[in-house]
Amino acid sequence: MPSASSIAALLGPTNTGKTHRAVERMLEHRTGMIGLPLRLLAREVYDRITPRVGERAVALITGEEKRIPARPRYWVCTVESMPVDREVEFLAIDEVQLCSHPQRGHVFTDRLLHARGTAETWFLGADTMRELVEVLVPTAHIRRHPRLSTLSAVEPSSLRSLPKRSAVIAFSAREVYELAERLRERRGGAAVVMGALSPRTRNAQVAMYQAGEVDFLVATDAVGMGLNMDVDHVAFAALRKFDGFEHRELTPGELAQIAGRAGRYTRNGTFGTIQPLKLPVELMRAVESHRFAPVRRVMWRNSDLDHTSVASLAESLDRRSPRRELVPVDGASDREALDLMVDKDEVKIRAKGEPAVRLLWDVCRVPDFRRLMVEHHVTLLSELFVQLCDDGRIRPDFMHQRISRLEQDRGDIDTLMMRMESIRTWNYVAHHADWVDDAQSWQQRTARAEDRLSEALHQRLIERFVERQGRKRRGGHKTRKARTAAPRSSAPAPTDASSPFAALAGLREQLRGEEEPVEVDDLVEDTVAASHDQLQGDVSGWVWLERRDHCLRIGRLTGGAELLHPDVKIHTDAPVSAGGQQRMLRRLRAWVRDVVEELRAALPEPASAGSRGLRYLLEQRLGSVSRPGAIDPLSALDEADRKALGALTFGRRHIYAAALLEPDAMRRRWMLYAAKYGRPLSRRGFGRPCFAIEGKVEDAELEAGGYGRVGRHAVRVDVLERVVRRVEKAARDAAGGPFAMPDILPAWLELDADDAEGVVIALGFPREAEGFIVERRSRRSRRGRRRRSRRGRASAPTSSSESDESENP
């Protein structure tokens with residue numbers, strides 16, 4: 001990436017808002033990318049920004065998960081997975097102090113030295129990196145940020161005296177389980193967060209804690225890297241961890257990183273230990289004052305690799321930097337795998353020539369999420385390499401045999417964790433599209449397997465570590481049920497015939513006696529995992545989830561600050577927990593943003609101040625605006641502007657985007673209208689070219705729905721333009737004398753002849769000064785016209801694309 005961008009280093013302790021500032025700054029740019037230290041944190045940031053800009057604008061890339069829409073503007077990644085060759089305006093790297101990490105540090109260092117945005121680059125991390133950043137990136141502007149709240153040490157506590165909203169920290173799965181068991185016995189239960197959990201399990205556990213279903217969290221140091229939770233107190237149950245090489249004491253910086261999770265924003269936090277463990281006084285004072293020894297050395301590995309041979313690859317990997325601050329990485333798992341693989345005869349005879357050596361190195365970098373001894377992992381890697389060399393692909397039967405063993409969701413917590421770690425490796429393999437046939441199917445299969453294991457694991461964690469007080473009141477059932485039909489509330493079902501769920505709604509009463517119960521937890525997970533097309537809205541503002549052979553009404557849009565920014569409320573008969581509702585809300589808000597962006601995308605991009613003003617008005621009216629309401633921006637348009645706005649129709653009465661008058665777009669416009677005003681635009685008018693206005697409705701509201709006011713009727717803007725042109729032609733043909741209403745108009749408007757004539761009169765044509773006088777006909781003639789209008793309604797226009805009389809600039 002270019003290096004000419006502005007570079008800033010935001011350094012300081014935890015709870016300074018660094019990551020939040022970086023995300024907000026990224027969204028101010030047209031394109032951006034942020035690299036984060038954990039896939040759990042990457043998923044959290046992704047879930048935070050997609051409700052604001054829509055899922056179709058954001059890509060998520062981690063080692064095991066890739067969600068890349070057709071044209072993403074923003075990239076949320078783990079640091080190792082960043083596509084740094086992609087050009088973006090803004091780029092940020094979080095937790096740059098991990099440059100000193102013995103195994104991962106060389107990747108962070110490489111990003112620090114080489115990754116840049118074209119306009120702006122930010123590095124975020126601890127203040128201990130200040131001196132090294134000044135040396136390695138001398139053009140960076142250092143910005144130091146103080147903590148937003150106070151962090152104080154307290155005396156050790158027992159589990160019984162632990163304050164609510166506490167996180168208890170341990171460093172092995174065995175310790176985590178033991179502590180969670182004890183908290184269940186003494187305090188009613190705890191949520192569990194570990195780095196080995198899938199995002200789905202972790203999100204479910206955190207949502208349960210955030211919603212207050214449990215008051216305690218037991219976690220590993222995975223919570224130390226920016227995961228945002230409402231924690232008031234952090235209690236260490238251990239001060240030693242295994243770092244992949246040895247068991248050692250936590251460094252002061254590591255301890256501060258974890259302790260700093262206590263207190264959020266301006267709310268103060270505390271930290272301490274679980275009895276009988278004690279912290280040294282000098283260490284407590286250092287954490288409270290955020291003063292630690294600076295980082296003097298960072299890990300480094302040469303990224304300019306030579307793939308001409310295995311020997312040259314090994315030599316380039318081991319090359320040392322001339323800078324004393326850059327320490328060569330030692331014991332990296334991929335480097336060890338390379339040494340062990342080239343000792344195998346079946347690998348050695350195939351690893352000849354640059355393409356084969358590149359492939360060998362790619363295979364060596366397949367991560368071992370199971371954390372087995374490297375020799376065991378190399379056995380699998382060697383098999384993958386041999387198949388790729390001999391067949392060009394990994395054999396489908398080999399993939400099926402390995403994956404099918406892992407798809408069973410029975411077993412205890414440890415068994416499910418082991419299967420989930422293994423399936424993550426195969427998920428990583430499946431995302432190499434050039435390694436497997438039908439990569440998308442394998443990706444979907446491994447994702448489904450991880451989801452199924454995640455759901456089972458979440459249930460096991462609840463069953464083992466959470467005391468559910470309400471089970472007896474629910475008749476002893478361990479799992480809550482929901483019905484598959486829409487709720488039996490008084491809210492109206494979809495009334496428009498074009499609603500994708502109208503037919504189902506009509507059968508609802510007949511089906512109620514035949515419904516099968518649905519797991520509530522499945523409802524939450526299906527909502528979170530739903531594709532864009534599986535979620536639908538109707539003209540009354542209800543949101544529906546399509547699930548296999550049926551659908552559920554799960555929410556409703558409500559008025560936000562603006563028409564384009566509605567909010568969502570969960571609305572279902574299912575007894576969804578508060579944590580589950582939070583997760584569903586995040587998904588629905590992201591879907592709403594995608595819907596809004598799809599509507600906005602149908603409007604042409606502005607090329608000048610005048611066209612920007614017109615586009616703004618069209619955005620606020622969802623695609624159509626009257627000419628009197630757009631006088632100022634219209635007067636500012638020149639010929640170049642009109643050419644750039646070729647997707648718009650400039651009619652006699654309205655300017656509109658024809659694409660936003662198509663049925664799907666109109667349903668979404670009416671849905672947004674219902675959200676803003678709390679009622680449908682018309683109870684019977686959706687899909688019709690004209691309808692009688694019900695109650696008090698402003699002209700701007702009708703325009704938002706794609707209609708214009710004509711007397712007591714609302715006429716769709718493209719039909720209105722067609723009607724105006726036909727009546728004008730009839731008036732011209734009459735040469736200033738009386739003229740008859742064209743016979744086709746009742747069919748176009750789907751009105752009887754009298755009402756259609758009333759529309760023509762309301763348009764202003766009978767003014768004698770203008771020479772337009774509607775000829776009154778006999779009652780018999782009007783009856784004949786009504787009969788003809790009923791026969792001709794099939795010819796009513798459905799969109800402006802059918803009109804041969806529309807005017808474009």
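**Ground rules.** The model is predicted, so I took local features only at pLDDT of at least 70 and side-chain atom pairs only at pLDDT 80 or more, while totals for chains, interfaces and linings use all residues. Residues are numbered from 1 along each chain as its sequence is written, and side-chain values use heavy atoms, leaving out hydrogens and water.

**Sheet.** I looked up the strand order and got β4-β3-β5-β2-β6-β7-β1-β8, an open sheet of eight strands with mixed pairing. Strands here are DSSP E runs of at least two residues, helices H or I runs of at least four, both numbered from the N terminus; two strands pair if DSSP finds at least two bridges between them. β4 (66-67) and β8 (141-144) are the edges, each pairing on one side only. I then checked β2 (32-36) against β5 (74-78): they run parallel, joined by five bridges. Gly 32 has Tyr 74 as its bridge partner in β5.

**Helix pair.** I found α9 (310-317) packing on α12 (354-364) at about 50°, axes 10 Å apart. Axes are lines fitted to C-alpha atoms, for helices over the stretch in contact, and angles run from 0 to 180 degrees between N-to-C directions. On the α9 side, Val 310, Leu 313 and Leu 317 make the contact (heavy atoms within 4.5 Å), meeting Val 357, Leu 360 and Trp 361 of α12.

**Cysteines.** I counted zero disulfides, taking one as a pair of cysteine sulfur atoms within 2.5 Å. Cys 77 is buried at 0% relative accessibility, and Cys 551 is buried at 4%. Buried means under 20% relative accessible area, exposed over 50%, partly exposed in between (1.4 Å probe, protein chains only).
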